[in-house]
Amino acid sequence: MTVYTTIDSPLGELLLVGEASATAKGGTALASLSMPGQKGAAVVQDGWSRDDAAFDAIAAQLRSYFAGSLTHFDIEYATGAGTDFQRKVWEAVDTVPYGTTTTYGRLAEQLGLSRAAVRALGTAIGRNPLLVVRPCHRVIGADGSLTGYAAGLERKRHLLDLETA
């Protein structure tokens, strides 16, 4: 069964969507974390149930992250989202350490992709359903510029500033 909740954050209201999981802390595996105005944001669907308590453990980690006291999330992700290529890219994004950045080109190189595949890598990153917790905000342009963040460059800047404060 799909459950959801909303929580306030410095980035605006976050919509958390999850699935029951016997192995996840708190019993919920996170399927999506999105924000208002985000490109491709999740929208509450008929048949979903609001269950704030199902997200207590996840919400606590998010609050700690935004407070600056958590540098690594321990959240189980729901399975099934994305193509094989997208999941490969998202796993690589998960390895970018807190407080650091990498470029699209370096990430492509890490994955053994050609320079021609950088655009496809960027598209896969843009389809990340787990903003904030899967740190696609840490991927920047080759010249150090902020590029491509589904929730907007202002939010990307906010997250990077939070992590380097």
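Which residues lie nearest the centre of the largest pocket? They are Thr123, Ile125, Gly126, Arg127 and Ala150, out of 23 lining residues. The model is predicted, so local features need pLDDT of at least 70 and side-chain atom pairs count only at pLDDT 80 or more, while totals for chains, interfaces and linings use all residues. Residues are numbered from 1 along each chain as its sequence is written, and side-chain values use heavy atoms, with hydrogens and water left out.

A pocket here is an open set of points on a 1 Å grid over the protein atoms alone, where a 1.4 Å probe fits, with protein on both sides within 12 Å along at least five of seven lines; lining residues have an atom within 4 Å of a point. Volume is the space filled by probe spheres set on the points, which are joined across faces, edges and corners.

| Pocket | Volume | Lining classes |
|---|---|---|
| Largest | about 500 Å³ | eleven nonpolar, ten polar, two charged |

Gly counts as polar, and Tyr, Trp and Ala count as nonpolar.

In the second largest pocket, Tyr77, Ala78, Arg87, Trp90 and Arg134 are the closest to the centre among 14 lining residues. Both β3 and α2 (84–93) give two or more residues to this lining, and α2 has the largest share, three residues.

For the largest pocket, the elements giving two or more residues are β3 (28–34) and α4 (118–126). The most, five residues, come from α4. Helices (H or I, at least four residues) and strands (E, at least two) are DSSP runs numbered from the N terminus. The largest pocket lies between domain 1 (2–67) and domain 2 (84–164) because both give residues to its lining; the bounds come from an automatic or database domain assignment.
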